[in-house]
Amino acid sequence: MENGSLEETLQDGKLYRNLNSLIVAHLRDNNLNQAASAVASATMTPLNVEAPPNKLLELFAKGLAVEKDEMLKGVTSSALYDLGTSLPAAAYGSIPAPRTATVDFSAVQDAKGSSKSFPKHETRHLSEHKNIARCARFSPDGRFVATGSADTSIKLFEVAKIKQMMLPDARDGPVRPVIRTFYDHIQPINDLDFHPQNTVLISGAKDHTIKFFDFSKMTAKRAFRVIQDTHNVRSVSFHPSGDFLLAGTDHQIPHLYDVNTFQCFLSSNVPEIGVNGSINQVRYSSTGGMYVTASKDGAVRLWDGVTANCVRSIVGAHGAAEVTGANFTKDQRFVLSCGKDSTVKLWEVGTGRLVKQYLGATHLQLRCQAVFNDTEEFVLSIDEPSNEIVIWDALTAEKVARWPSNHIGAPRWLEHSPIEAAFVSCGTDRSIRFWKEVL
(Lines give C-alpha, C1' and ligand atoms only; values in the text may rest on other atoms or scores of the structure.)
Protein backbone atom coordinates (compact mmCIF):
# COMPACT_ATOMS: atom_id res chain seq x y z
CA MET A 1 0.00 0.00 0.00
CA GLU A 2 1.35 3.42 -0.91
CA ASN A 3 2.01 5.96 1.84
CA GLY A 4 -0.66 8.29 0.43
CA SER A 5 -3.35 5.61 0.55
CA LEU A 6 -2.32 4.57 4.06
CA GLU A 7 -2.48 8.18 5.22
CA GLU A 8 -5.94 8.58 3.70
CA THR A 9 -7.15 5.38 5.39
CA LEU A 10 -5.84 6.55 8.76
CA GLN A 11 -7.45 9.96 8.30
CA ASP A 12 -10.78 8.36 7.33
CA GLY A 13 -10.63 6.12 10.40
CA LYS A 14 -9.97 9.11 12.64
CA LEU A 15 -12.85 11.00 11.05
CA TYR A 16 -15.26 8.11 11.64
CA ARG A 17 -14.13 7.76 15.26
CA ASN A 18 -14.68 11.48 15.87
CA LEU A 19 -18.10 11.34 14.21
CA ASN A 20 -19.16 8.28 16.21
CA SER A 21 -18.02 9.98 19.43
CA LEU A 22 -20.08 13.07 18.66
CA ILE A 23 -23.17 10.96 17.84
CA VAL A 24 -22.89 8.98 21.08
CA ALA A 25 -22.33 12.14 23.15
CA HIS A 26 -25.26 13.90 21.43
CA LEU A 27 -27.65 11.01 22.10
CA ARG A 28 -26.45 10.62 25.69
CA ASP A 29 -26.66 14.35 26.49
CA ASN A 30 -30.22 14.45 25.15
CA ASN A 31 -31.24 11.57 27.44
CA LEU A 32 -31.58 9.09 24.54
CA ASN A 33 -29.63 6.55 26.56
CA GLN A 34 -30.86 3.40 24.82
CA ALA A 35 -29.92 4.76 21.40
CA ALA A 36 -26.58 6.02 22.76
CA SER A 37 -25.76 2.54 24.14
CA ALA A 38 -26.69 0.87 20.85
CA VAL A 39 -24.48 3.21 18.77
CA ALA A 40 -21.63 2.96 21.29
CA SER A 41 -21.76 -0.82 21.19
CA ALA A 42 -22.00 -1.02 17.38
CA THR A 43 -19.09 1.39 16.81
CA MET A 44 -16.93 0.38 19.80
CA THR A 45 -17.14 3.92 21.16
CA PRO A 46 -17.00 4.53 24.95
CA LEU A 47 -20.44 5.50 26.26
CA ASN A 48 -18.86 8.14 28.52
CA VAL A 49 -16.91 9.76 25.68
CA GLU A 50 -16.39 13.48 26.27
CA ALA A 51 -17.51 16.10 23.73
CA PRO A 52 -18.44 19.79 23.99
CA PRO A 53 -22.20 20.31 24.53
CA ASN A 54 -24.16 20.41 21.24
CA LYS A 55 -20.96 20.12 19.17
CA LEU A 56 -22.65 17.82 16.64
CA LEU A 57 -25.54 20.25 16.12
CA GLU A 58 -23.11 23.14 15.78
CA LEU A 59 -21.07 21.35 13.09
CA PHE A 60 -24.25 20.23 11.32
CA ALA A 61 -25.57 23.80 11.18
CA LYS A 62 -22.23 25.03 9.79
CA GLY A 63 -22.27 22.25 7.21
CA LEU A 64 -25.75 23.24 6.08
CA ALA A 65 -24.59 26.83 5.66
CA VAL A 66 -21.58 25.74 3.57
CA GLU A 67 -23.76 23.45 1.46
CA LYS A 68 -26.15 26.31 0.86
CA ASP A 69 -23.27 28.59 -0.21
CA GLU A 70 -22.05 25.96 -2.66
CA MET A 71 -25.54 25.54 -4.12
CA LEU A 72 -25.78 29.28 -4.62
CA LYS A 73 -22.43 29.70 -6.37
CA GLY A 74 -23.18 31.72 -9.45
CA VAL A 75 -26.54 32.73 -7.98
CA THR A 76 -26.47 35.96 -6.01
CA SER A 77 -28.59 36.59 -2.97
CA SER A 78 -30.41 39.26 -4.95
CA ALA A 79 -31.63 36.53 -7.31
CA LEU A 80 -32.85 34.44 -4.39
CA TYR A 81 -34.41 37.17 -2.31
CA ASP A 82 -34.86 39.95 -4.86
CA LEU A 83 -32.54 42.06 -2.73
CA GLY A 84 -30.76 45.26 -3.63
CA THR A 85 -27.19 46.22 -2.81
CA SER A 86 -25.88 45.58 0.66
CA LEU A 87 -25.57 48.28 3.22
CA PRO A 88 -22.25 50.12 3.47
CA ALA A 89 -19.62 49.51 6.16
CA ALA A 90 -19.00 46.06 7.62
CA ALA A 91 -20.67 43.10 5.98
CA TYR A 92 -24.11 42.45 7.43
CA GLY A 93 -24.28 39.31 9.52
CA SER A 94 -20.61 39.27 10.58
CA ILE A 95 -20.94 38.75 14.31
CA PRO A 96 -18.22 40.09 16.65
CA ALA A 97 -16.75 37.80 19.27
CA PRO A 98 -18.74 37.86 22.53
CA ARG A 99 -17.37 39.97 25.37
CA THR A 100 -17.13 37.00 27.74
CA ALA A 101 -18.06 33.33 27.84
CA THR A 102 -21.60 32.45 28.82
CA VAL A 103 -22.40 31.46 32.40
CA ASP A 104 -22.37 27.77 33.33
CA PHE A 105 -25.47 27.55 35.52
CA SER A 106 -24.83 23.91 36.38
CA ALA A 107 -21.42 24.69 37.90
CA VAL A 108 -22.68 26.48 41.02
CA GLN A 109 -25.93 25.36 42.62
CA ASP A 110 -25.85 27.83 45.51
CA ALA A 111 -23.93 31.01 44.82
CA LYS A 112 -25.66 33.32 47.29
CA GLY A 113 -23.70 36.31 48.47
CA SER A 114 -21.48 36.52 45.42
CA SER A 115 -23.68 38.63 43.14
CA LYS A 116 -22.09 40.90 40.57
CA SER A 117 -22.94 44.58 40.20
CA PHE A 118 -24.84 45.55 37.07
CA PRO A 119 -23.14 48.59 35.48
CA LYS A 120 -25.07 51.85 35.39
CA HIS A 121 -26.78 52.59 32.07
CA GLU A 122 -27.94 55.86 30.56
CA THR A 123 -31.21 56.04 28.66
CA ARG A 124 -32.26 58.19 25.71
CA HIS A 125 -35.67 58.66 24.17
CA LEU A 126 -35.10 57.62 20.59
CA SER A 127 -38.34 57.87 18.75
CA GLU A 128 -42.08 57.58 19.03
CA HIS A 129 -44.64 55.51 17.19
CA LYS A 130 -48.19 56.79 16.71
CA ASN A 131 -49.50 54.05 18.97
CA ILE A 132 -48.13 51.53 21.52
CA ALA A 133 -44.60 50.27 20.80
CA ARG A 134 -45.19 46.51 21.01
CA CYS A 135 -41.91 44.71 20.18
CA ALA A 136 -38.23 45.09 19.27
CA ARG A 137 -35.43 42.95 17.86
CA PHE A 138 -31.69 43.46 17.33
CA SER A 139 -29.94 42.12 14.23
CA PRO A 140 -27.57 39.20 14.97
CA ASP A 141 -24.54 41.47 14.46
CA GLY A 142 -25.98 44.15 16.78
CA ARG A 143 -25.76 46.89 14.11
CA PHE A 144 -29.51 47.44 13.80
CA VAL A 145 -32.60 47.31 15.97
CA ALA A 146 -36.18 47.26 14.68
CA THR A 147 -39.38 48.12 16.54
CA GLY A 148 -42.99 47.27 15.74
CA SER A 149 -46.10 49.13 16.81
CA ALA A 150 -49.86 48.95 17.18
CA ASP A 151 -49.89 51.72 14.57
CA THR A 152 -48.86 48.94 12.06
CA SER A 153 -45.49 50.57 11.29
CA ILE A 154 -41.95 49.22 11.71
CA LYS A 155 -38.96 51.45 12.45
CA LEU A 156 -35.39 50.42 11.76
CA PHE A 157 -32.60 52.11 13.75
CA GLU A 158 -28.87 52.05 13.09
CA VAL A 159 -27.17 51.54 16.45
CA ALA A 160 -24.04 53.53 15.50
CA LYS A 161 -26.25 56.56 14.81
CA ILE A 162 -28.05 56.12 18.13
CA LYS A 163 -24.68 56.23 19.92
CA GLN A 164 -23.64 59.27 17.89
CA MET A 165 -26.87 61.00 18.90
CA MET A 166 -26.13 60.25 22.58
CA LEU A 167 -22.67 61.87 22.53
CA PRO A 168 -22.64 65.08 24.60
CA ASP A 169 -20.30 66.84 22.16
CA ALA A 170 -21.94 65.76 18.89
CA ARG A 171 -21.47 68.69 16.47
CA ASP A 172 -22.51 67.14 13.18
CA GLY A 173 -26.01 68.55 13.31
CA PRO A 174 -29.12 66.50 14.02
CA VAL A 175 -28.51 62.76 13.76
CA ARG A 176 -31.40 60.64 12.54
CA PRO A 177 -31.11 57.14 13.98
CA VAL A 178 -34.27 55.92 12.20
CA ILE A 179 -32.94 54.85 8.79
CA ARG A 180 -36.07 53.08 7.47
CA THR A 181 -39.79 53.06 8.22
CA PHE A 182 -41.95 50.30 6.76
CA TYR A 183 -45.72 50.39 6.27
CA ASP A 184 -47.41 47.28 4.93
CA HIS A 185 -49.48 45.68 7.70
CA ILE A 186 -53.10 46.52 8.39
CA GLN A 187 -53.10 45.40 12.05
CA PRO A 188 -50.64 45.68 14.99
CA ILE A 189 -47.14 44.18 14.76
CA ASN A 190 -46.48 41.36 17.26
CA ASP A 191 -42.87 40.33 16.60
CA LEU A 192 -39.83 40.85 14.37
CA ASP A 193 -36.69 38.99 13.33
CA PHE A 194 -33.64 39.55 11.13
CA HIS A 195 -32.37 37.10 8.53
CA PRO A 196 -29.00 35.75 9.76
CA GLN A 197 -27.13 36.44 6.48
CA ASN A 198 -29.18 38.77 4.27
CA THR A 199 -30.49 42.29 4.79
CA VAL A 200 -34.03 41.05 5.34
CA LEU A 201 -36.35 41.89 8.23
CA ILE A 202 -39.53 39.89 8.84
CA SER A 203 -42.58 40.85 10.87
CA GLY A 204 -45.53 38.89 12.22
CA ALA A 205 -48.82 40.67 12.82
CA LYS A 206 -52.43 40.34 13.86
CA ASP A 207 -53.44 40.54 10.18
CA HIS A 208 -52.35 36.85 9.82
CA THR A 209 -49.30 37.70 7.70
CA ILE A 210 -45.51 37.44 7.86
CA LYS A 211 -43.89 40.11 5.71
CA PHE A 212 -40.36 40.33 4.32
CA PHE A 213 -38.70 43.74 4.07
CA ASP A 214 -35.42 44.47 2.27
CA PHE A 215 -33.69 47.11 4.39
CA SER A 216 -30.76 47.54 1.99
CA LYS A 217 -33.03 49.64 -0.25
CA MET A 218 -33.44 53.19 0.98
CA THR A 219 -36.73 53.78 -0.82
CA ALA A 220 -38.45 50.49 0.07
CA LYS A 221 -41.52 51.09 2.23
CA ARG A 222 -43.39 47.86 1.60
CA ALA A 223 -42.73 44.13 1.80
CA PHE A 224 -41.28 42.29 -1.19
CA ARG A 225 -42.65 38.93 -0.06
CA VAL A 226 -45.63 37.92 2.08
CA ILE A 227 -46.63 34.69 3.81
CA GLN A 228 -50.37 34.47 4.41
CA ASP A 229 -50.98 32.44 7.56
CA THR A 230 -54.30 31.11 8.82
CA HIS A 231 -54.02 32.71 12.28
CA ASN A 232 -52.88 35.81 14.15
CA VAL A 233 -49.05 35.63 13.96
CA ARG A 234 -47.83 36.28 17.50
CA SER A 235 -44.13 35.45 17.08
CA VAL A 236 -41.53 34.77 14.37
CA SER A 237 -38.04 33.26 14.46
CA PHE A 238 -35.52 32.54 11.68
CA HIS A 239 -33.59 29.28 11.63
CA PRO A 240 -29.83 30.05 11.92
CA SER A 241 -29.37 28.87 8.32
CA GLY A 242 -31.95 31.40 7.12
CA ASP A 243 -33.72 28.69 5.09
CA PHE A 244 -36.64 28.21 7.47
CA LEU A 245 -38.71 30.30 9.82
CA LEU A 246 -41.09 29.52 12.64
CA ALA A 247 -44.38 31.24 13.33
CA GLY A 248 -46.08 31.07 16.71
CA THR A 249 -49.76 31.84 16.21
CA ASP A 250 -53.19 31.47 17.82
CA HIS A 251 -52.91 27.86 16.64
CA GLN A 252 -51.38 25.59 19.32
CA ILE A 253 -48.82 24.02 16.95
CA PRO A 254 -45.83 26.05 15.64
CA HIS A 255 -45.96 26.69 11.90
CA LEU A 256 -42.65 25.87 10.18
CA TYR A 257 -42.12 27.56 6.80
CA ASP A 258 -39.57 26.88 4.08
CA VAL A 259 -38.38 30.40 3.23
CA ASN A 260 -37.73 29.57 -0.43
CA THR A 261 -41.01 27.77 -1.21
CA PHE A 262 -43.30 29.09 1.56
CA GLN A 263 -44.43 25.51 2.16
CA CYS A 264 -45.80 25.11 5.69
CA PHE A 265 -45.02 22.08 7.86
CA LEU A 266 -46.81 21.03 11.05
CA SER A 267 -45.54 18.53 13.59
CA SER A 268 -47.24 15.14 13.53
CA ASN A 269 -46.13 14.40 17.09
CA VAL A 270 -47.95 16.89 19.28
CA PRO A 271 -48.91 16.38 22.94
CA GLU A 272 -52.47 17.00 24.07
CA ILE A 273 -52.89 20.78 24.15
CA GLY A 274 -56.02 22.46 25.50
CA VAL A 275 -58.14 25.12 23.86
CA ASN A 276 -55.98 27.92 25.26
CA GLY A 277 -52.76 26.78 23.59
CA SER A 278 -52.02 29.92 21.55
CA ILE A 279 -48.26 30.49 21.25
CA ASN A 280 -47.03 33.82 22.64
CA GLN A 281 -43.41 33.31 21.61
CA VAL A 282 -41.29 30.90 19.57
CA ARG A 283 -37.49 30.96 19.41
CA TYR A 284 -34.83 28.79 17.76
CA SER A 285 -31.73 27.71 19.66
CA SER A 286 -28.38 29.04 18.44
CA THR A 287 -27.72 26.06 16.12
CA GLY A 288 -31.34 25.42 15.15
CA GLY A 289 -31.24 21.97 16.74
CA MET A 290 -34.23 22.85 18.92
CA TYR A 291 -36.93 25.47 19.30
CA VAL A 292 -39.03 26.52 22.26
CA THR A 293 -42.61 27.76 22.53
CA ALA A 294 -44.21 29.82 25.30
CA SER A 295 -47.95 29.22 25.42
CA LYS A 296 -51.03 30.84 26.85
CA ASP A 297 -51.91 27.56 28.56
CA GLY A 298 -48.96 28.03 30.92
CA ALA A 299 -46.64 25.49 29.26
CA VAL A 300 -43.10 25.78 27.94
CA ARG A 301 -42.58 23.21 25.17
CA LEU A 302 -39.32 22.06 23.59
CA TRP A 303 -39.30 20.86 19.97
CA ASP A 304 -36.74 18.98 17.88
CA GLY A 305 -35.43 21.36 15.21
CA VAL A 306 -35.05 18.59 12.60
CA THR A 307 -38.12 16.38 13.11
CA ALA A 308 -40.39 19.16 14.49
CA ASN A 309 -41.52 16.71 17.19
CA CYS A 310 -42.32 17.97 20.69
CA VAL A 311 -39.67 16.39 22.90
CA ARG A 312 -40.65 17.90 26.27
CA SER A 313 -43.65 19.75 27.72
CA ILE A 314 -43.17 21.68 30.95
CA VAL A 315 -46.85 21.91 31.81
CA GLY A 316 -47.78 24.57 34.37
CA ALA A 317 -44.37 26.19 34.03
CA HIS A 318 -45.95 29.36 35.36
CA GLY A 319 -48.88 27.78 37.17
CA ALA A 320 -52.19 28.55 35.51
CA ALA A 321 -50.78 31.84 34.16
CA GLU A 322 -49.77 32.22 30.52
CA VAL A 323 -46.12 32.11 29.53
CA THR A 324 -45.27 35.35 27.72
CA GLY A 325 -41.70 34.61 26.66
CA ALA A 326 -39.11 31.84 26.38
CA ASN A 327 -35.61 31.76 24.93
CA PHE A 328 -32.53 29.54 24.98
CA THR A 329 -29.20 30.35 26.57
CA LYS A 330 -26.37 30.53 24.03
CA ASP A 331 -25.12 27.05 24.94
CA GLN A 332 -28.67 25.68 24.42
CA ARG A 333 -28.61 23.91 27.77
CA PHE A 334 -31.19 26.13 29.48
CA VAL A 335 -34.37 28.08 28.68
CA LEU A 336 -35.36 31.37 30.35
CA SER A 337 -39.12 31.85 30.60
CA CYS A 338 -41.35 34.68 31.80
CA GLY A 339 -45.00 34.46 32.82
CA LYS A 340 -47.99 36.41 34.05
CA ASP A 341 -47.54 34.83 37.48
CA SER A 342 -44.83 37.48 38.07
CA THR A 343 -41.96 34.99 37.91
CA VAL A 344 -38.98 34.52 35.66
CA LYS A 345 -37.63 30.95 35.56
CA LEU A 346 -34.61 29.09 34.22
CA TRP A 347 -35.16 25.49 33.06
CA GLU A 348 -32.66 22.77 32.20
CA VAL A 349 -33.35 21.57 28.65
CA GLY A 350 -32.11 18.00 29.14
CA THR A 351 -34.30 17.23 32.16
CA GLY A 352 -37.00 19.92 32.29
CA ARG A 353 -35.80 20.69 35.82
CA LEU A 354 -36.33 24.17 37.33
CA VAL A 355 -32.85 25.57 37.98
CA LYS A 356 -33.41 29.20 39.06
CA GLN A 357 -36.29 31.53 39.93
CA TYR A 358 -35.98 35.30 39.62
CA LEU A 359 -38.55 36.89 41.93
CA GLY A 360 -39.52 40.43 42.85
CA ALA A 361 -40.93 41.87 39.62
CA THR A 362 -44.72 41.98 39.16
CA HIS A 363 -46.05 41.43 35.65
CA LEU A 364 -49.70 40.45 35.43
CA GLN A 365 -51.07 42.42 32.48
CA LEU A 366 -48.57 43.00 29.67
CA ARG A 367 -46.84 40.55 27.32
CA CYS A 368 -43.75 41.02 29.44
CA GLN A 369 -40.28 39.84 28.41
CA ALA A 370 -37.38 38.62 30.51
CA VAL A 371 -34.00 38.71 28.78
CA PHE A 372 -30.37 37.96 29.47
CA ASN A 373 -27.75 40.64 28.93
CA ASP A 374 -25.20 39.86 26.19
CA THR A 375 -22.86 37.95 28.53
CA GLU A 376 -25.72 36.07 30.26
CA GLU A 377 -24.46 37.26 33.65
CA PHE A 378 -27.70 39.19 34.34
CA VAL A 379 -31.44 38.85 33.76
CA LEU A 380 -33.64 41.89 33.06
CA SER A 381 -37.42 42.26 33.31
CA ILE A 382 -40.18 44.75 34.17
CA ASP A 383 -42.02 45.58 37.39
CA GLU A 384 -45.36 46.91 36.16
CA PRO A 385 -46.70 48.63 39.34
CA SER A 386 -43.53 50.65 39.98
CA ASN A 387 -42.71 51.10 36.27
CA GLU A 388 -39.15 49.91 36.90
CA ILE A 389 -36.62 47.74 35.15
CA VAL A 390 -35.45 44.98 37.50
CA ILE A 391 -32.05 43.28 37.13
CA TRP A 392 -30.95 40.03 38.79
CA ASP A 393 -27.60 38.31 38.97
CA ALA A 394 -28.27 35.32 36.70
CA LEU A 395 -26.24 32.89 38.80
CA THR A 396 -27.35 33.85 42.32
CA ALA A 397 -30.90 34.99 41.36
CA GLU A 398 -30.47 38.01 43.68
CA LYS A 399 -31.84 41.40 42.65
CA VAL A 400 -28.92 43.74 41.99
CA ALA A 401 -30.65 46.83 40.57
CA ARG A 402 -34.02 48.54 40.09
CA TRP A 403 -34.17 51.53 37.75
CA PRO A 404 -37.03 53.85 36.75
CA SER A 405 -37.90 52.95 33.16
CA ASN A 406 -38.43 56.61 32.22
CA HIS A 407 -41.53 55.54 30.27
CA ILE A 408 -44.97 56.87 31.15
CA GLY A 409 -46.54 53.62 32.25
CA ALA A 410 -44.71 50.29 32.29
CA PRO A 411 -42.75 49.15 29.23
CA ARG A 412 -44.22 46.14 27.47
CA TRP A 413 -41.03 44.80 25.86
CA LEU A 414 -37.30 44.58 26.57
CA GLU A 415 -34.69 43.47 24.04
CA HIS A 416 -30.96 43.27 24.76
CA SER A 417 -28.17 43.67 22.22
CA PRO A 418 -26.46 40.34 21.43
CA ILE A 419 -22.99 41.89 21.35
CA GLU A 420 -22.72 44.76 23.87
CA ALA A 421 -24.05 46.35 27.05
CA ALA A 422 -27.11 48.00 25.48
CA PHE A 423 -30.84 47.29 25.39
CA VAL A 424 -34.11 48.75 24.14
CA SER A 425 -37.40 49.23 25.98
CA CYS A 426 -40.75 49.70 24.19
CA GLY A 427 -43.53 51.55 25.95
CA THR A 428 -47.28 51.70 26.16
CA ASP A 429 -46.54 55.45 25.99
CA ARG A 430 -45.56 54.83 22.30
CA SER A 431 -41.89 55.63 22.92
CA ILE A 432 -38.69 53.70 22.23
CA ARG A 433 -35.80 54.11 24.68
CA PHE A 434 -32.22 53.00 24.13
CA TRP A 435 -30.10 52.11 27.16
CA LYS A 436 -26.31 51.86 27.07
CA GLU A 437 -23.64 51.28 29.69
CA VAL A 438 -22.10 54.43 31.14
CA LEU A 439 -18.38 54.10 30.50
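**Strand pairing and nonpolar cores**

In the predicted model, strand 14 and strand 15 form a hairpin with five residues between the strands. Within this hairpin, G288 adopts a positive phi near 85 degrees. Strand 14 covers residues 279–284 and pairs with strand 15 in the antiparallel sense. Five bridges link the two.

Strand 15 spans residues 290–295 and is mostly covered. Six of its six residues are buried. In a regular strand, side chains alternate between the two faces of the sheet. M290, V292 and A294 point one way. Y291, T293 and S295 point the other way. The residues of both sets are buried.

Strand 15 also pairs with strand 16, residues 300–304. These two strands run antiparallel and are joined by five bridges. A294 has V300 in strand 16 as its bridge partner. The hairpin of strand 15 and strand 16 has four residues between the strands. Here G298 takes a positive phi, near 90 degrees.

Strands of a sheet pair through backbone hydrogen bonds. Strand 20 (residues 334–339) and strand 21 (residues 344–348) run antiparallel and share five bridges. Across this pair, S337 has K345 of strand 21 as its bridge partner.

The largest nonpolar core has 33 residues. Those with the most contacts inside this core are F105, L336, V344, L346, Y358, V379 and I391. Several elements give two or more residues to the core, including strand 20, strand 21 and strand 22.

Which residues is F105 in contact with, leaving aside its neighbours within four places in sequence? They are T329, F334, L346, Y358, F372, E376, A394 and L395. Of these, L346 and Y358 are also listed with F105 among the core residues with the most contacts. A second core is separate and has 32 residues. L126, L156, F213 and C426 are among them.

Methods:
Residues are numbered from 1 along each chain as its sequence is written. This is a predicted model: local features need pLDDT of at least 70, side-chain atom pairs count only at pLDDT 80 or more; totals for chains, interfaces and linings use all residues. Side-chain values use heavy atoms; hydrogens and water are left out. Buried means under 20% relative accessible area, exposed over 50%, partly exposed in between (1.4 Å probe, protein chains only). Two strands pair if DSSP finds at least two bridges between them. A nonpolar core is a set of buried Ala, Val, Leu, Ile, Met, Phe, Trp, Tyr and Cys residues joined through side-chain atoms within 4.5 Å. Contact means heavy atoms within 4.5 Å.
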